[in-house]
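Trainee: I'd like to learn how to read the features of a model like this one. Could you walk me through it?

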Amino acid sequence: MSNYLLLKGLRVQNANALSSPFTFGFPAVTAFLGFGHALQRFINPESKEDQFLVAGVGGSSHQFEMQDYQEGYSRMLKLTANPLNEKGERPSFVEEGRCHMVLSLVLEVENVLSGRDQDRLLESIRTVIQHRLKLAGGDILDFDDITVVTDDRTGLMQLMPGYVLLDRRSYMLEAMESGQDALDALYSYLQIHTFSEQDEGGNVHWRSAKSHTGWLVPIASGFHALSALGEAQQTRDLNTPHCFAESIVTLGEFIMPHRLESLSEIIWRYRKQGDLYLCTQEQTVTQENKESTNG
């Protein structure tokens with residue numbers, strides 16, 4: 001039976017904002033599932049079936065500050081300046097987009113005990129988060145509390161005020177079925193179309209519109225293998241097979257938690273399908289069906 005742990009008010013500094021090779025902003029979904037996996041390994045190093053297991057992770061963003069600046073219509077990352085070399089030039093370096101954020105994470109976990117055993121588990125999690133874990137490569141400065149919450153609207157209200165991220169890859173699939181390729185389908189939902197209208201008096205009014213309502217954003221939600229598994233030299237883990245992979249970018253939507261019915265709808269889980277290593281939300285289709293039925 002699954003339970004839900006709420007990590008309330010995590011304040012993260014300098015998290016990785018380069019979520020894929022061509023997007024920057026809110027960290028990739030894989031970063032949050034990776035956090036849950038790392039926490040599980042610290043709490044349950046021997047991976048016994050009767051111990052703490054993290055099955056999925058969801059979250060609510062309360063505050064997000066991208067480390068960039070804007071010039072006209074262009075936004076540029078705030079990057080570090082490395083010291084001059086012997087030629088008086090700046091050495092080349094890899095760009096690192098960073099962001100500060102405050103968010104709450106919901107962990108879908110199994111085998112959470114009650115009473116004193118639960119208290120000891122929560123205290124162990126607090127210690128690991130404070131002293132051993134990062135989130136999306138960023139430092140966890142502080143957090144408010146860790147509690148067990150219920151899978152209903154009462155649990156959802158504890159994520160307010162904030163925005164939860166839902167999977168909207170179904171929108172891209174619909175566009176691709178009509179003949180668009182994946183990149184055109186992605187852009188078609190993100191574009192803002194600006195046009196003018198002239199009234200009877202000759203006055204011109206400008207309007208902006210999107211093809212779909214809602215706060216849609218591109219998100220990195222997994223990886224696609226490009227090569228077969230094999231050995232690689234000079235890797236951190238010589239015992240684990242290696243393969244080259246690329247990021248999978250799809251559509252997501254930020255909505256406020258009060259629009260949902262249960263915590264399980266925001267949980268992202270791993271799913272492997274052939275060469276694809278994905279983070280998905282199984283409940284997303286159910287929610288979309290509800291919306292279309294109610295409409």
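This is a predicted model: local features need pLDDT of at least 70, side-chain atom pairs count only at pLDDT 80 or more; totals for chains, interfaces and linings use all residues.

Trainee: What classes of residue make up the lining of the largest pocket?

Mentor: There are 22 nonpolar, eight polar and three charged residues.

Trainee: And what about the second largest pocket: which residues lie nearest its centre?

Mentor: Those are Leu229, Pro241, His242, Cys243 and Tyr277, out of 17 lining residues. S12 turns up here too, along with strand S15 (276–280), as an element giving two or more residues to the lining. The volume of the second largest pocket is about 650 Å³, and its lining divides into nine nonpolar, five polar and three charged residues.

Trainee: How many disulfides are there?

Mentor: For a disulfide, look for two cysteine sulfur atoms within 2.5 Å. By that rule the count is zero. Cysteine 243 is in no disulfide, as the nearest cysteine sulfur, on cysteine 279, sits 15 Å away.

Trainee: Are those two cysteines buried or exposed?

Mentor: Buried means under 20% relative accessible area. Cysteine 279 is at 1%, so it is buried, while cysteine 243, at 26%, is partly exposed.

Trainee: Now the backbone. Where is there a cis peptide bond?

Mentor: Check omega: the bond joining methionine 160 and proline 161 is cis, with omega about -10°. Proline 161 is in the loop between helix H3 (153–157) and S9.

Trainee: Which residues other than glycine have a positive phi?

Mentor: Asparagine 14 is one, with phi near 60°, and alanine 136 is another, at about 55°. Asparagine 14 is in strand S1 (residues 2–16), whereas alanine 136 is in the loop between strand S6 (134–135) and strand S7 (138–142).

Trainee: How do their accessibilities read?

Mentor: Asparagine 14 has 30% relative accessibility, so it counts as partly exposed. Alanine 136 has a relative accessible area of 15%, so it is buried.

Terms used. Residues are numbered from 1 along each chain as its sequence is written. Side-chain values use heavy atoms; hydrogens and water are left out. Ala, Val, Leu, Ile, Met, Phe, Trp, Tyr, Cys and Pro count as nonpolar, Asp, Glu, Lys and Arg as charged, and the others, Gly among them, as polar. On a 1 Å grid over the protein atoms alone, a cavity is a set of points where a 1.4 Å probe fits but cannot get out, and a pocket is an open set with protein on both sides within 12 Å along at least five of seven lines; lining residues have an atom within 4 Å of a point. Grid points are joined across faces, edges and corners, and a volume is the space filled by probe spheres set on the points. Helices (H or I, at least four residues) and strands (E, at least two) are DSSP runs, numbered from the N terminus. Buried means under 20% relative accessible area, exposed over 50%, partly exposed in between (1.4 Å probe, protein chains only).
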